[in-house]
Amino acid sequence: MARKGQQERTVRAARRPELRLPELTVWEGGGLEPDGDYDGVEFADLDLAGQEGIGARFMDCALRRCALDEAGLAKARVLDSVLEGVRGVGTDLSGASLRDVEVVDARLGGVQLHGAVLERVVVRGGKIDYLNLRKARLKDVVFEGCVLVEPDFAGAVLERVEFRDCALRGVDFGGVRMTDVDLREASVLEIARGVEALAGAVISPAQLFDLAPALASQLGVRVVP
């Protein structure tokens, strides 16, 4: 029994954000500004398409049902905030920092988060197509009840990341470094590239069966009846 216990290793669970937003002030200003500082503000039902908020800081904020098409938010800092029902194509969050953030029921396409840092982030519900997280760093991140179509994690670092009731379709894990990544509860797990990078991840027996052909191919094993 002791030997078996030594071989088994418990997956460390992701730490979730604990958000307690203060009373928010409704945003009545104009467009976003580069390096803008937004504290305790609620952006609701706004068209922020094409706005330039490069390097902006959002602290204790809520963005609800806002359009973010082609919004420029590279290197933005989003802290202790909620993004609910946001939608858009081509949102640029490259190099951004998200800490203690909840993203709820988002409908996004081609969102750029390459080189971003995500810590204590929950993505719950919604659908994100072509999510670009290349070379990003994710720590204590949970994808829950959402659909990710062809997400790109190539070269990223994932630590304590969970996929719960989440559909991963055509995911790219090429060159990813994983520590305590829990894929067991993913409702769909379709790996287009990077099956060899699953060291550090935990999968279910059923998922292992589904991935067996790709694993055999990676190892150069021929399966002949």
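## Salt bridges at the surface and below

In this predicted model, Glu185 counts as partly exposed because its relative accessibility is 46%. Glu185 forms a salt bridge with Arg164, and the closest N and O atoms of the two are 2.7 Å apart. The pair links distant parts of the chain: Glu185 sits in the loop between strand S14 (177–182) and strand S15 (188–193), whereas Arg164 belongs to strand S12, 21 residues apart. Arg164 is also partly exposed, with a relative accessible area of 21%.

The whole structure contains 19 salt bridges. Another of them joins Glu159 to Arg12, with 3.7 Å between the closest N and O atoms. Glu159 is partly exposed at a relative accessible area of 24%, and Arg12 is partly exposed at 39%. Arg12 and Glu159 also belong to a network of salt bridges that includes Asp140, Arg160 and Asp180.

A further salt bridge is formed by Asp152 and Arg134, whose closest N and O atoms are 2.9 Å apart. This pair, too, links distant parts of the chain, 18 residues apart: Asp152 is in the loop between strand S11 (147–149) and S12, and Arg134 is in the loop between strand S9 (117–129) and strand S10 (137–144). Asp152 is buried, with a relative accessible area of 16%, while Arg134 is partly exposed at 39%.

## Overall architecture

The protein has 2 helices and 16 strands. Its radius of gyration is 19 Å, close to the 17 Å given by the globule rule for 225 residues, so the protein is as compact as a globular protein of that length. Along the principal axes, the C-alpha atoms fill a box of roughly 65 × 35 × 25 Å. Of the 225 residues, 48% are buried.

## Aromatic pairs

The count of aromatic pairs is 9. Tyr38 and Phe58 form a stacked pair, with 5.1 Å from centre to centre and 20° between the planes. Tyr38 is in strand S2 (residues 37–39) and Phe58 in strand S4 (residues 57–59), so that pair links distant parts of the chain, 20 residues apart. Both Tyr38 and Phe58 are buried.

Phe58 also pairs with Phe43: the ring centres are 6.0 Å apart and the planes stand at 70°, so this pair is edge-to-face. Phe43 lies in strand S3 (residues 41–44) and Phe58 in strand S4, 15 residues apart, and the pair links distant parts of the chain. Phe43 is buried, as is Phe58. Ring pairs join Trp27, Tyr38, Phe43 and Phe58 into a cluster.

The structure holds 0 disulfides. The cysteine sulfur closest to that of Cys146 is in Cys166, at 3.5 Å, which is too far for a bond, since a disulfide requires the sulfur atoms to be within 2.5 Å. Cys146 is buried, with a relative accessible area of 3%, and Cys166 counts as buried at 0%.

## A nonpolar surface patch

Leu219, Val221 and Val223 form a nonpolar patch on the surface, with about 340 Å² of accessible area together. Val223 is located in the segment after helix H2 (205–219) and is exposed, with a relative accessible area of 71%.

Notes: Residues are numbered from 1 along each chain as its sequence is written. This is a predicted model: local features need pLDDT of at least 70, side-chain atom pairs count only at pLDDT 80 or more; totals for chains, interfaces and linings use all residues. Side-chain values use heavy atoms; hydrogens and water are left out. Buried means under 20% relative accessible area, exposed over 50%, partly exposed in between (1.4 Å probe, protein chains only). Patches are made of residues with over 30% relative accessible area and no salt bridge: like charges are joined within 9 Å, nonpolar side chains (Val, Leu, Ile, Met, Phe, Trp, Tyr) within 5 Å. Accessible areas come from the Shrake-Rupley method with a 1.4 Å probe; for residues, only the protein chains shown count as cover. A salt bridge is a side-chain nitrogen of Lys or Arg within 4 Å of a carboxyl oxygen of Asp or Glu. Helices (H or I, at least four residues) and strands (E, at least two) are DSSP runs, numbered from the N terminus. Rings of Phe, Tyr and Trp (its six-membered ring) pair if their centres lie within 6.5 Å; planes under 30 degrees apart count as stacked, over 60 as edge-to-face and the rest as tilted. The radius of gyration is taken over C-alpha atoms; the globule rule is 2.2 Å times the number of residues to the power 0.38.
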